[in-house]
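The stops below are given in the order in which to select them.

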Amino acid sequence: MAAVAFGVQSGWLKGRATVPCAASDNRKAGRSVRKGVVGETSADETMAPLVVDSSREFWERWEDDEPDRPREACGVFGLYAPGEDVARVTYFGLYALQHRGQESAGIATSDGSALHLHRQMGLVSQAFTEDDLATLPGHLAIGHTRYSTTGSSRIENAQPFVMTGTLGDFALAHNGNLTNTETLRARLLREGAPVETSSDSELIAHLLARASGATYVEKLRRVMPQLQGAYSLAILTPDAVIGVRDPHGIRPLAIGRVQDHWIIASETCAIETVGGEAVRDVSPGEVIVIANDGEDGLRAHTGMAPQNLAACLFEYIYFARPDSCISDRSLYLVRQRMGAQLAAEFPVAADIVIGVPDSATPAAAGYAAARSLPYADGLIKNRYIGRTFIQPDQRLRQLGVKMKFNALGAVLQGKRVVMIDDSVVRGTTVRPLVKLLRDAGAAEVHLGITSPPFRWPCYLGLDVAGRDQLIAARLSKVEDIAAEIGVDSLHYLSLDGLIAAIDLPRDTFCTGCFTGVYPMPVQMSQADRQSLERELAAGTGVS
Ligand code: SF4
């Protein structure tokens with residue numbers, strides 16, 4: 001098949017897609033692991049490592065201004081598009097999902113008979129060259145960007161995983177975290193499965209490979225009840241792309257179209273980035289099979305009945321891009337409404353409102369509009385700092401957040417400032433930010449957070465600090481947190497205010513990191529469990 005020039009003949013990337021949800025919401029050094037046809041050895045297996053350090057340790061050190069936010073686990077993308085250069089389209093789809101994972105990236109394609117795979121450590125832009133894309137022929141593809149929450153940051157854990165099962169070769173990409181990983185691993189090992197990595201995603205692939213069934217839908221119906229936790233999957237077989245969302249709907253997964261072709265993606269922004277139009281979310285428990293173009297090309301099946309819906313609130317608060325939509329909600333507008341809710345709860349006297357760029361900008365605009373206060377850019381962010389591979393020397397490292405943010409004295413001088421941010425995890429970033437504002441002349445700094453206190457770990461796909469490092473778990477009084485951060489006052493958006501801003505029923509959300517009550521059993525430490533039991537008995541937690 002001759003590759004079509006991306007975006008030239010096909011209309012990909014042309015025009016502005018209609019966004020259904022916006023209308024309805026007007027309210028490391030790595031090497032190529034397996035390259036070429038699956039099962040064949042490639043000369044590239046011994047490709048010389050790039051001279052970069054993309055180890056997790058490096059990223060955590062370099063992104064030292066980011067650990068105050070939870071980190072997303074992964075992004076998945078898939079499409080069925082005969083006549084298109086599907087590897088190239090997937091590459092750009094992954095580019096739009098880069099915020100969901102920066103450790104590794106991978107693409108698997110199928111030409112109808114054989115699967116082709118390339119995965120590499122690092123950002124999407126580092127993981128693929130033109131030559132790499134040329135080794136990925138076919139008319140259907142899936143892709144993955146990864147941030148490890150289970151499994152270490154090694155090329156072996158990069159996705160998609162390719163496996164041979166009872167129905168032949170398939171590739172699998174996973175966003176989310178299982179909560180029964182150890183049970184599944186022990187059972188698979190007992191049964192003789194060749195488990196090679198520490199990743200829970202590999203376990204799902206082994207289960208799928210070994211499950212009985214004449215079709216992948218039948219296999220998935222046997223596998224899904226065995227999985228506890230969060231999983232949005234993109235699966236590639238030689239002739240189909242399959243999307244799966246766990247029955248709780250914890251992580252997002254959307255369906256889109258461009259021309260006659262079908263796309264699945266973790267977020268609608270990726271669908272629009274490649275010129276497509278978001279159609280709808282994959283429903284909790286649903287299995288989508290795309291095996292052709294056109295209306296009949298996509299078939300929806302029930303993998304499992306939806307149960308105990310538990311969409312991740314942090315997708316709405318911070319993770320997903322503001323130009324994405326989940327559950328027909330524009331995340332930009334949702335975040336503006338979070339700001340407006342915060343304004344009602346936290347009407348502190350102030351001269352200007354600023355947001356911590358970029359994620360808190362919509363909420364800051366919403367707060368300012370609700371209070372008729374001027375919105376200003378008090379902090380300027382260097383958007384490219386996280387993408388350099390030149391490590392800062394000791395002196396530069398000590399500058400901390402200054403490497404990434406600069407405070408605008410001309411805006412802040414003598415002003416009572418309300419700074420809006422979306423979350424505080426450890427408190428290590430916001431404190432130096434507050435100092436930056438004061439050093440730039442702010443007379444007062446008040447901090448409004450568009451989420452409730454983050455007091456419990458996430459077991460469902462986000463990487464956050466251990467409970468002993470969570471500032472809101474260490475310090476029970478908001479005044480004490482304000483004193484540690486160094487602000488004049490502090491307010492966290494209430495859970496009720498947050499839910500009201502999203503405008504969906506409360507019982508459709510996971511609130512685990514705020515309440516300690518998760519939608520399914522989790523492996524909580526004994527100390528945390530005792531502390532939660534005490535809290536629930538005393539009624540002192542976030543409710
Ligand atoms: S615990 Fe928090 S971060 Fe984790 S899935 Fe639930 S709402 Fe999202």
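Start with Leu-447, which stands opposite Leu-490 in strand 23. Strands here are DSSP runs of E with at least two residues, helices are runs of H or I with at least four, and both are numbered from the N terminus. Residue numbers count from 1 along each chain as its sequence is written. The model is predicted: local features need pLDDT of at least 70, side-chain atom pairs count only at pLDDT 80 or more, and totals for chains, interfaces and linings use all residues.

Next, select residues 444-449, which are strand 22. Strand 22 pairs with strand 23 in the parallel sense over 4 bridges (pairing requires at least two DSSP bridges between the strands).

Stay on strand 23, residues 489-492. Its covered face holds Leu-490 and Tyr-492, while Ser-489 and His-491 are on the uncovered one.

Now select helix 11 (residues 331-345) and helix 12 (residues 361-371). Their axes, 6 Å apart, meet at an angle of about 45 degrees; axes are lines fitted to C-alpha atoms over the stretch in contact, and angles run from 0 to 180 degrees between N-to-C directions. Residues making the contact include Tyr-332 and Met-338 of helix 11 and Pro-362 and Tyr-367 of helix 12, contact meaning C-beta atoms, placed from the backbone, within 7 Å.

Finally, zoom out: the protein has 20 helices and 24 strands.

Notes:
Buried ≥ 20, exposed ≤ 12 C-beta atoms within 10 Å, placed from the backbone. Contact = placed C-beta atoms within 7 Å.
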